[in-house]
Amino acid sequence: MSVTNEQVRHIAKLARIAMSDGDIERLVPELNNILGWVEQLDEVNTEGVEPLTAVIDQKLRLRDDVVDDGNIREAVLANAPEAQHGFFAVPKVIE
């Protein structure tokens, strides 16, 4: 499989990337090399190989999902430059 100048120009248009003719000429062989490497992967026998996301089997350490109200309003508001009535006070931006 290989790409042509017109295909690269079309892809660049879809991606809204401005490319000169020189850029397209340089990109065509690079894309063809990449597609060649992908075609080499098709030659690998993967029959009987289970799909995986990582080489090392990792287990996620999860904590119990406990719902609480936090009860840390004062600690959070201590970080605010200004607080009013238990809320962050911000400057008015709309008149």
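Predicted model: local features only at pLDDT ≥ 70, side-chain atom pairs only at ≥ 80, totals over all residues.
1. Aspartate 23 is paired with arginine 26 in a salt bridge, in which the closest N and O atoms are 2.4 Å apart. Both residues belong to helix H2, and because they are three residues apart there, about one helical turn separates them. Arginine 26 is itself exposed, its relative accessible area being 52%.

2. The structure holds two salt bridges, and another pairing to examine is that between the side chains of arginine 9 and aspartate 21, with an N to O distance of 3.1 Å. This pair links distant parts of the chain, since arginine 9 lies in helix H1 (residues 5-14) and aspartate 21 in helix H2 (residues 21-41), the two being 12 residues apart. Aspartate 21 counts as exposed at 54% relative accessibility, whereas arginine 9, at 37%, counts as partly exposed.

3. Apart from the charged pairs, a nonpolar patch on the surface is formed by Ile72, Val76, Phe88 and Val90, which together have about 400 Å² of accessible area. Of these residues, valine 90 lies in the segment after strand E2 (87-88), and valine 90 is exposed, with a relative accessible area of 68%.

Conventions
Residues numbered from 1 in each chain as written. Heavy atoms only, no water. Patch = residues over 30% accessible without salt bridge, like charges linked within 9 Å, V, L, I, M, F, W, Y side chains within 5 Å. Areas by Shrake-Rupley, 256 points an atom, 1.4 Å probe, with all protein chains shown as cover. Salt bridge = Lys/Arg side-chain N within 4 Å of Asp/Glu carboxyl O. Helix = DSSP H or I, 4+ residues; strand = E, 2+ residues; numbered from the N terminus. Buried < 20%, exposed > 50% of the residue type's maximum accessible area, 1.4 Å probe, protein only.
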